Amino acid sequence: MKVKRLKVGVRSLDEGLQEFGATLKAIRSGKSVTKRTGVYFVSVEAMRQVLTPSRLSLLHLIRTRHPRSIAALAKLTSRNFKNVHADVKLLADLGLVHLESGTRLRDSVTPTVPYERIQFEIAV
C-alpha cells in the first residue's frame, strides 16, 4: 500500500505569491499545471498557533481510532464537543481532515484523515 503523505511547511508570502503568479501565467498560456498538495504557513509561529498539540492529537485519533462522528471524537478526548468541533472544522478547512456526511440529513458527520504521514518542511 502506498503511503499518502502531506507536506506542511513554512513559506514566505512573497514565495507563495510568486508560485501563484507562475501558475496563473502557465494557465493563461495554455500549459498544463502540475497539481501540488500541501499546507503552508507564513511563519513557524503561525504554524504552531494552528497545529497545536491538541489538534495534532485529534489528527492522530481520527487516523487510528476511526470515530464515527465528531461527538464520538469528543468523547475519546474527554473534551467539550463545541471545542472539538471547532478544531475539526479548522483542520478540515486546511485540508488535513475530510468530513463525510451521512446518507440522511440527521446523520452525523464522520471525520477522516486521508494521510498516513505529514511531513514538515521548513526552508533555511
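1. In helix α4 (residues 70–77), the buried residues include Ile70, Leu73, Ala74 and Thr77; buried means under 20% relative accessible area, exposed over 50%, and partly exposed in between, with a 1.4 Å probe and protein chains only. These residues lie on the same side of α4 because they cover an arc of only 100° around the axis, the arc being that of the directions from the helix axis to the C-beta atoms. Helices (H or I, at least four residues) and strands (E, at least two) are DSSP runs, numbered from the N terminus.

2. On the basis of the model: this is a predicted model, in which local features need pLDDT of at least 70, side-chain atom pairs count only at pLDDT 80 or more, and totals for chains, interfaces and linings use all residues. Residues are numbered from 1 along each chain as its sequence is written, and side-chain values use heavy atoms, with hydrogens and water left out.

3. The cover over the buried residues of α4 includes α3 (53–65), α5 (81–93) and β4 (110–112). At the start of α4, the backbone nitrogen of Ala71 has a side-chain oxygen of Ser69 within 3.4 Å. After α4 comes Ser78, with a positive phi near 60°.

4. Asp87 is found in helix α5 and counts as buried because its relative accessibility is 8%. Leaving aside neighbours within four places in sequence, Asp87 is in contact with Ser54, Arg55, Leu58 and Arg79; contact means heavy atoms within 4.5 Å. The side chains of Asp87 and Arg55 are joined by a polar contact of 2.9 Å. A polar contact is a pair of N or O atoms within 3.5 Å; within protein, one must be able to donate a hydrogen and the other to accept it, and residues adjacent in sequence count only if both atoms are side-chain atoms.

5. The structure holds five salt bridges, a salt bridge being a side-chain nitrogen of Lys or Arg within 4 Å of a carboxyl oxygen of Asp or Glu. One of them links Arg79 to Asp87, with the closest N and O atoms 2.6 Å apart. Arg79 counts as partly exposed at 27% relative accessibility, whereas Asp87 is buried.

6. Another salt bridge joins the side chains of Asp93 and Lys89 (3.1 Å, N to O). Both residues lie in helix α5, four residues apart, which is about one turn of the helix. Asp93 is exposed at 55% relative accessibility, and Lys89 is partly exposed at 42%.

7. Three strands make up an open sheet in the order β2-β1-β5, with parallel pairing; two strands pair if DSSP finds at least two bridges between them. β2 (39–41) and β5 (117–122) are the edge strands, each pairing on one side only. Neighbouring strands of this sheet are turned by 20° against each other on average, direction ignored. For such angles, axes are lines fitted to C-alpha atoms, for helices over the stretch in contact, and angles run from 0 to 180 degrees between N-to-C directions.

8. Six bridges connect strand β1 (residues 5–10) with β5 in the parallel sense. Lys7 stands opposite Gln119 in β5.
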